[in-house]
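I set out to record what I looked up in this structure, entry by entry. The notes follow in the order in which I made them.

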Amino acid sequence: MIHISQVLTLVEKQLKCLQPKEAVHFKTYKRDRGFLLYCLGNTQFQIIETGYHNHTFTGDVTSTQKHVKKVLKREFPRSNKVWVEYYQAVDDPSNVNSSHTPQMPLF
């Protein structure tokens, strides 16, 4: 769990480090809203929103960073803490669940 102010810096770091078929799931404290950052290729990323809006966005690094800022305002309006989960070997980003192999915590 991290503070909301650290999410943008973590997203920037993950955009540089994520390999294809890896994902990072950001959820609210209650775990009912959030977004999934999924790496499609070396420079292509997909954001899947779940919560207030259920949208999917695909773009490069700069457009993904801009979209994450909008998603944070929309999905985390009053949140202070964010759950972060890392997943490896994700074939279908719309169906990430506990059966996928989560990466060991980095914190």
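I looked up the buried residues of helix 2 and found Thr64, His67, Val68, Val71, Leu72 and Glu75; buried means under 20% relative accessible area, exposed over 50% and partly exposed in between (1.4 Å probe, protein chains only). Helices (H or I, at least four residues) and strands (E, at least two) are DSSP runs, numbered from the N terminus. I noted that this is a predicted model, in which local features need pLDDT of at least 70 and side-chain atom pairs count only at pLDDT 80 or more, while totals for chains, interfaces and linings use all residues. Residues are numbered from 1 along each chain as its sequence is written, and side-chain values use heavy atoms, with hydrogens and water left out.

I then viewed helix 2 down its axis: the buried residues fall within an arc of 150°, so they line one face of the helix. The arc is taken from the directions from the helix axis to the C-beta atoms. On the face turned away from the buried side I found the exposed residues Lys66, Lys70 and Lys73.

I next turned to the aromatic rings. Phe26 and Phe35 form a stacked pair, at 4.9 Å centre to centre and 20° between the planes; ring centres of Phe, Tyr and Trp (its six-membered ring) must lie within 6.5 Å, and planes under 30 degrees apart count as stacked, over 60 as edge-to-face and the rest as tilted. Phe35 and Phe76 have ring centres 6.2 Å apart and planes at 85°, so this pair is edge-to-face. I recorded both Phe35 and Phe76 as buried. Phe26, Phe35 and Phe76 form one aromatic cluster.
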